Amino acid sequence: MKELDDLNTFEKSILLVCCDANNFSLRSHVPIEAIKRRIRNVPDKYIKKSIRILFSNGFIVKHPTGRSRNTIQLTKKGLKAGNLLKKEQEKIK
(Lines give C-alpha, C1' and ligand atoms only; values in the text may rest on other atoms or scores of the structure.)
Protein backbone atom coordinates (compact mmCIF):
# COMPACT_ATOMS: atom_id res chain seq x y z
CA MET A 1 0.00 0.00 0.00
CA LYS A 2 1.15 3.46 -0.84
CA GLU A 3 1.59 6.14 1.76
CA LEU A 4 1.34 9.89 1.23
CA ASP A 5 5.01 10.18 0.23
CA ASP A 6 4.57 7.51 -2.45
CA LEU A 7 1.78 9.36 -4.29
CA ASN A 8 2.66 11.48 -7.31
CA THR A 9 1.72 15.15 -7.49
CA PHE A 10 -1.43 14.58 -9.53
CA GLU A 11 -2.74 11.98 -7.07
CA LYS A 12 -1.98 14.35 -4.21
CA SER A 13 -3.92 17.11 -5.93
CA ILE A 14 -6.90 14.78 -6.48
CA LEU A 15 -6.79 13.88 -2.78
CA LEU A 16 -6.74 17.55 -1.84
CA VAL A 17 -9.72 18.20 -4.13
CA CYS A 18 -11.58 15.28 -2.51
CA CYS A 19 -10.89 16.73 0.93
CA ASP A 20 -12.04 20.17 -0.18
CA ALA A 21 -15.20 18.79 -1.77
CA ASN A 22 -16.00 16.95 1.48
CA ASN A 23 -15.18 20.06 3.55
CA PHE A 24 -12.45 18.07 5.36
CA SER A 25 -15.14 15.97 7.05
CA LEU A 26 -15.32 12.23 7.61
CA ARG A 27 -19.11 12.15 7.60
CA SER A 28 -19.81 13.83 4.26
CA HIS A 29 -19.70 12.14 0.87
CA VAL A 30 -19.89 13.71 -2.58
CA PRO A 31 -20.51 12.26 -6.04
CA ILE A 32 -17.57 11.71 -8.36
CA GLU A 33 -18.97 14.35 -10.72
CA ALA A 34 -18.49 17.01 -8.04
CA ILE A 35 -14.79 16.18 -7.94
CA LYS A 36 -14.48 16.14 -11.72
CA ARG A 37 -16.06 19.61 -11.93
CA ARG A 38 -13.37 21.05 -9.68
CA ILE A 39 -10.60 19.81 -11.97
CA ARG A 40 -10.47 21.32 -15.41
CA ASN A 41 -8.44 20.60 -18.54
CA VAL A 42 -7.61 17.05 -17.44
CA PRO A 43 -8.92 14.02 -19.34
CA ASP A 44 -11.49 11.94 -17.51
CA LYS A 45 -9.42 8.75 -17.61
CA TYR A 46 -6.60 10.30 -15.52
CA ILE A 47 -9.04 11.41 -12.85
CA LYS A 48 -10.65 7.96 -12.71
CA LYS A 49 -7.25 6.27 -12.47
CA SER A 50 -6.15 8.53 -9.62
CA ILE A 51 -9.40 7.95 -7.75
CA ARG A 52 -8.92 4.20 -8.19
CA ILE A 53 -5.38 4.45 -6.78
CA LEU A 54 -6.58 6.51 -3.79
CA PHE A 55 -9.38 4.00 -3.23
CA SER A 56 -7.09 0.96 -3.36
CA ASN A 57 -4.62 2.54 -0.94
CA GLY A 58 -7.22 3.46 1.67
CA PHE A 59 -7.35 7.25 1.33
CA ILE A 60 -10.99 7.30 0.19
CA VAL A 61 -13.89 4.85 0.17
CA LYS A 62 -16.85 4.47 -2.14
CA HIS A 63 -20.07 5.16 -0.32
CA PRO A 64 -23.05 3.72 -2.23
CA THR A 65 -26.29 5.68 -2.23
CA GLY A 66 -29.66 5.02 -3.78
CA ARG A 67 -30.20 4.35 -7.48
CA SER A 68 -26.79 2.68 -7.86
CA ARG A 69 -24.90 5.96 -7.45
CA ASN A 70 -21.51 5.92 -5.82
CA THR A 71 -20.14 8.78 -3.81
CA ILE A 72 -16.69 9.35 -2.38
CA GLN A 73 -16.03 9.59 1.34
CA LEU A 74 -12.74 10.27 3.13
CA THR A 75 -11.13 7.83 5.52
CA LYS A 76 -9.11 8.82 8.58
CA LYS A 77 -5.94 8.17 6.62
CA GLY A 78 -7.17 10.38 3.78
CA LEU A 79 -8.19 13.17 6.13
CA LYS A 80 -4.79 13.19 7.84
CA ALA A 81 -3.02 13.21 4.48
CA GLY A 82 -5.29 15.98 3.21
CA ASN A 83 -4.56 18.13 6.25
CA LEU A 84 -0.82 17.63 5.72
CA LEU A 85 -1.15 18.62 2.06
CA LYS A 86 -3.16 21.69 3.02
CA LYS A 87 -0.47 22.77 5.51
CA GLU A 88 2.26 22.26 2.89
CA GLN A 89 0.30 24.32 0.41
CA GLU A 90 -0.16 27.15 2.92
CA LYS A 91 3.59 27.19 3.63
CA ILE A 92 4.32 27.65 -0.08
CA LYS A 93 2.00 30.65 -0.39
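This is a predicted model: local features need pLDDT of at least 70, side-chain atom pairs count only at pLDDT 80 or more; totals for chains, interfaces and linings use all residues.
## Basis of the report

Local features are described where pLDDT is at least 70, side-chain atom pairs count only at pLDDT 80 or more, and totals for chains, interfaces and linings use all residues. Residues are numbered from 1 along each chain as its sequence is written, and side-chain values use heavy atoms, with hydrogens and water left out.

## Helix α3

Helices (H or I, at least four residues) and strands (E, at least two) are DSSP runs, numbered from the N terminus. Helix α3 covers residues 44-56, and its end C-alpha atoms lie 18 Å apart. This agrees with expectation, because 13 residues at 1.5 Å a residue should span 18 Å; the expected span is 1.5 Å times one less than the number of residues.

Which residues of α3 are buried? They are Ile47, Ser50, Ile51, Ile53 and Leu54, where buried means under 20% relative accessible area, exposed means over 50%, and partly exposed lies in between (1.4 Å probe, protein chains only). These residues cover an arc of only 160 degrees around the axis, which puts them on the same side of α3; the arc is that of the directions from the helix axis to the C-beta atoms. In general, an α-helix has 3.6 residues a turn, so residues three or four places apart point the same way. The buried residues of α3 pack against α1 (9-21), α2 (32-38), β2 (60-65) and β3 (69-74), with contact meaning heavy atoms within 4.5 Å. The face turned away from the buried side carries the exposed residues Lys45 and Arg52. Just after α3, glycine 58 has a positive phi of about 85 degrees.

## Threonine 71

Threonine 71 is part of strand β3 and counts as buried because its relative accessibility is 5%. Its side chain makes a polar contact of 3.0 Å with the side chain of histidine 29. A polar contact is a pair of N or O atoms within 3.5 Å; within protein, one must be able to donate a hydrogen and the other to accept it, and residues adjacent in sequence count only if both atoms are side-chain atoms. The side chain of threonine 71 also reaches the backbone oxygen of histidine 63, at 2.7 Å.

What else does threonine 71 contact, leaving aside its neighbours within four places in sequence? Its contacts include Val30, Pro31, Val61, Lys62 and Thr65.

## Two asparagines in loops

Asparagine 23 is found in the loop between α1 and β1 (29-31). Although it is not a glycine, asparagine 23 has a positive phi of about 55 degrees, and at 62% relative accessibility it counts as exposed.

Asparagine 41 is located in the loop between α2 and α3. Asparagine 41 is not a glycine either, yet its phi is positive, at about 60 degrees; its relative accessibility of 82% makes it exposed.

## Salt bridges

Side chains of opposite charge can pair when their charged atoms come close. The structure holds six salt bridges, each a side-chain nitrogen of Lys or Arg within 4 Å of a carboxyl oxygen of Asp or Glu. One of them joins arginine 38 and aspartate 20 at 2.7 Å, N to O. Arginine 38 lies in helix α2 and aspartate 20 in helix α1, so the pair ties together parts that are 18 residues apart in sequence. Arginine 38 is partly exposed at 45%, as is aspartate 20 at 39%.

Another salt bridge links glutamate 33 and arginine 69 at 3.6 Å, N to O. Glutamate 33 belongs to helix α2 and arginine 69 to strand β3, so this pair ties together parts 36 residues apart in sequence. Salt bridges that share partners join Lys36, Asp44 and Lys48 into one network.

## Cysteines

How many disulfides are present? The count is zero, a disulfide being a pair of cysteine sulfur atoms within 2.5 Å. The closest cysteine sulfur to that of cysteine 18 is in cysteine 19, at 6.9 Å, which is too far for a bond. Cysteine 18 is buried, with a relative accessible area of 0%, and cysteine 19 also counts as buried at 0%.
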